[in-house]
Amino acid sequence: MGYHAGEFDVIIVGAGHAGCEAALASARMGCSTLLLTISLDSVAFMPCNPSIGGPAKGHVVREIDALGGEMAKNIDKTYIQMRMLNTGKGPAVHALRAQADKVLYQNTMRQTIESTDNLVLRQSIADQLIIENGICKGVITHTGAEYRGKAVVLTTGTYLRGKIIIGDLQYESGPNNMKPSVKLSHHLKELGLELVRFKTGTPPRVYGSTIDYDKTEIQPGDQAPRAFSFETTEYNIDEQLPCWLTYTNEETHQVINSNLHRAPMFSGVIEGTGPRYCPSIEDKIVRFSDKPRHQIFLEPEGRSTDEVYVQGLSTSMPEEVQIKILRSVKGLEKVVMMRPGYAIEYDAVVPTQLWPNLEMKNIPGLFTAGQLNGTSGYEEAAGQGLLAGINAARKVQGKESLILDRSQAYLGVLIDDLVTKGTNEPYRLLTSRAEYRLLLRHDNADLRLTDIGYEMGLINEERYQKFIAKRNSIEIEKERLKSEKIGPRTDVQDLLRNVGSKELDNAVDLFTLLKRPEVTYKHIEQLAPAPVKVSEEVAEQVEIQVKYEGYIRKQMQDVERLKKMEKKRLPMDLDYLNIHGLAKEARQKLDQVKPLSIGQASRISGVTPADISVLLVFLADKKG
């Protein structure tokens with residue numbers, strides 16, 4: 001028999017990266033919040049690589065921070081190494097990546113959750129939802145506890161009917177031998193939700209003391225101060241741990257090829273679809289058979305452990321084959337394995353069943369976020385969790401949902417892709433998925449999103465005033481550069497010659513001078529310093545905004561065209577199946593997705609420009 005265990009505004013199921021952000025957002029917005037987890041030891045757990053960030057993913061972490069989320073602050077407190085990637089390319093693709101102290105990351109996030117007002121963390125397994133009159137009103141756990149809520153957010157990660165596979169060995173399990181969630185998966189199917197089976201994997205972990213590092217290449221962290229959070233002021237520059245680089249070789253490839261018949265990926269044991277952009281080593285060897293070697297990064301899992309993560313060697317091969325693969329690699333000849341790699345299959349929700357606010361179309365009050373929605377990666381999960389938590393809280397408070405568009409944030413791109421196009425494999429965010437990536441840089445996430453975070457109640461007054469001061473400083477300095485001129489003085493001409501830039505014939509404004517590719521803001525500072533010295537972050541923004549002014553203006557014009565399409569709203573109850581003139585595929589896709597605007601409709605695969613024209617005529621006739 002069940003029992004009434006409590007009432008909350010918002011209930012979050014799952015305390016991974018999505019669940020933590022959802023719960024903290026909801027609680028900080030003033031909603032009484034319950035966070036349920038299968039195990040208190042799995043809060044903010046990193047079952048795969050012990051790192052945060054990278055291309056597009058690092059952008060998302062900065063966006064999470066700009067909106068008032070926690071991931072950036074947490075990794076800044078717990079990283080063991082941080083690097084800026086893609087520095088040889090333009091600012092649109094610069095991205096931070098940090099190695100985490102895995103256990104410290106977990107413990108620090110858990111401490112934050114336990115000390116947050118309005119938030120209760122509890123260990124329990126949610127077996128089913130409470131649905132009344134088609135609306136989600138709470139959850140029932142395996143112990144019979146009934147928790148009532150005004151909104152529920154499911155962030156179950158890879159736990160739904162989780163199954164671990166190592167060679168011929170298969171058993172029901174969540175990541176890292178945690179309990180799986182089986183009954184909830186069956187219950188969601190009974191409610192009519194469409195689920196798919198996905199697969200991901202992880203590499204073996206080894207004793208660091210058994211690695212011969214002399215045979216590998218050191219990969220140190222950056223010595224420049226780096227941080228994900230715009231609020232961070234303390235850096236671990238002198239305490240960083242290096243990673244190490246080695247490679248597979250002909251022997252490695254021979255071991256794998258001679259054991260492919262034992263690989264679950266190729267023997268038919270694995271049913272789920274795996275991630276295209278994070279393939280197993282056996283998949284890489286088969287798909288890229290022309291490559292003589294593949295990179296392997298050896299990443300420490302923390303300061304207080306000898307465990308090392310073998311990045312690039314994800315596998316579900318039998319355990320004894322994994323040892324042979326490891327010991328064929330240079331530097332790992334005598335390595336001792338601590339944990340074998342494995343594949344894990346799990347159920348995921350088909351994300352086209354969601355509105356752009358991450359609420360289920362057919363079950364009001366139920367939100368989903370994270371890998372449950374078909375994504376891969378901690379960062380994509382955390383970003384979805386933050387927005388699902390915000391929107392669950394705003395639903396409870398009777399306020400309008402927060403929906404970011406593709407021109408505002410990578411989070412807008414991520415969610416629009418999921419709910420509009422769906423995904424037939426674990427989705428990974430890439431910089432190439434963003435049409436406006438020059439606008440969506442990692443360095444300007446605060447300028448794009450802090451106003452919104454403040455409006456949501458997740459950015460405090462002190463932080464917001466500092467942000468306003470920074471934004472004002474950028475504009476003041478840009479105006480100074482436009483108004484102040486510099487002539488062909490000796491020091492100016494000497495500097496221009498030294499950097500390989502054309503000497504001045506006449507006086508020019510500083511703004512025009514800074515547009516030159518060879519001239520940096522530091523040069524401007526040297527020749528014509530501001531009356532009040534500007535901070536490094538203000539200087540960075542000024543330089544980028546001046547140098548890329550023309551490109552940024554062009555992208556802003558594209559955004560304005562997009563906004564016109566987004567403003568043409570479509571009724572949520574529109575009967576697409578009976579609109580004459582639409583192609584059959586378009587009718588079916590439009591009926592499934594139920595787009596909120598002409599803009600969203602235009603991004604649905606299978607909907608052609610001709611179909612959009614039909615919809616525009618239909619809307620015009622309706623208004624007429």
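A polar contact is a pair of N or O atoms within 3.5 Å, where within protein one atom must be able to donate a hydrogen and the other to accept it. In this predicted model, the side chain of aspartate 443 makes such a polar contact with the side chain of arginine 441, at 3.1 Å.

**Aspartate 443**

- Aspartate 443 lies in the loop that runs between α11 (410–421) and α12 (445–456), and it counts as buried because its relative accessibility is 3%.
- A polar contact also joins the side chain of aspartate 443 to the side chain of glutamine 541, here at 2.6 Å.
- When residues up to four places away in sequence are not counted, aspartate 443 touches Arg62, Pro91, Phe230, Glu540, Gln541 and Ile544.

**Helices α6 and α9**

- Helix α6 (residues 250–257) packs with helix α9 (residues 319–327) at an angle of about 165 degrees, and their axes are 8 Å apart; α6 is therefore roughly antiparallel to α9.
- The crossing in which α6 passes α9 is right-handed.
- On the α6 side, Thr252, Val255 and Ile256 meet Val321, Lys324 and Ile325 of α9, and by class this contact has 4 nonpolar, 1 polar and 1 charged residues.

**Glutamine 588**

- Glutamine 588 is found in helix α19 (residues 584–593), where its relative accessibility of 47% is why it counts as partly exposed.
- Although glutamine 588 and valine 607 are 19 residues apart along the chain, their C-alpha atoms are separated by 9.7 Å.

Technical notes
Residues are numbered from 1 along each chain as its sequence is written. This is a predicted model: local features need pLDDT of at least 70, side-chain atom pairs count only at pLDDT 80 or more; totals for chains, interfaces and linings use all residues. Side-chain values use heavy atoms; hydrogens and water are left out. Axes are lines fitted to C-alpha atoms, for helices over the stretch in contact, and angles run from 0 to 180 degrees between N-to-C directions. Helices (H or I, at least four residues) and strands (E, at least two) are DSSP runs, numbered from the N terminus. Angles under 35 degrees count as roughly parallel, over 145 as roughly antiparallel, 65 to 115 as roughly perpendicular and the rest as oblique. A crossing is left-handed if the near helix is turned anticlockwise from the far one by less than a right angle, and right-handed if clockwise. Contact means heavy atoms within 4.5 Å. Ala, Val, Leu, Ile, Met, Phe, Trp, Tyr, Cys and Pro count as nonpolar, Asp, Glu, Lys and Arg as charged, and the others, Gly among them, as polar. Buried means under 20% relative accessible area, exposed over 50%, partly exposed in between (1.4 Å probe, protein chains only).
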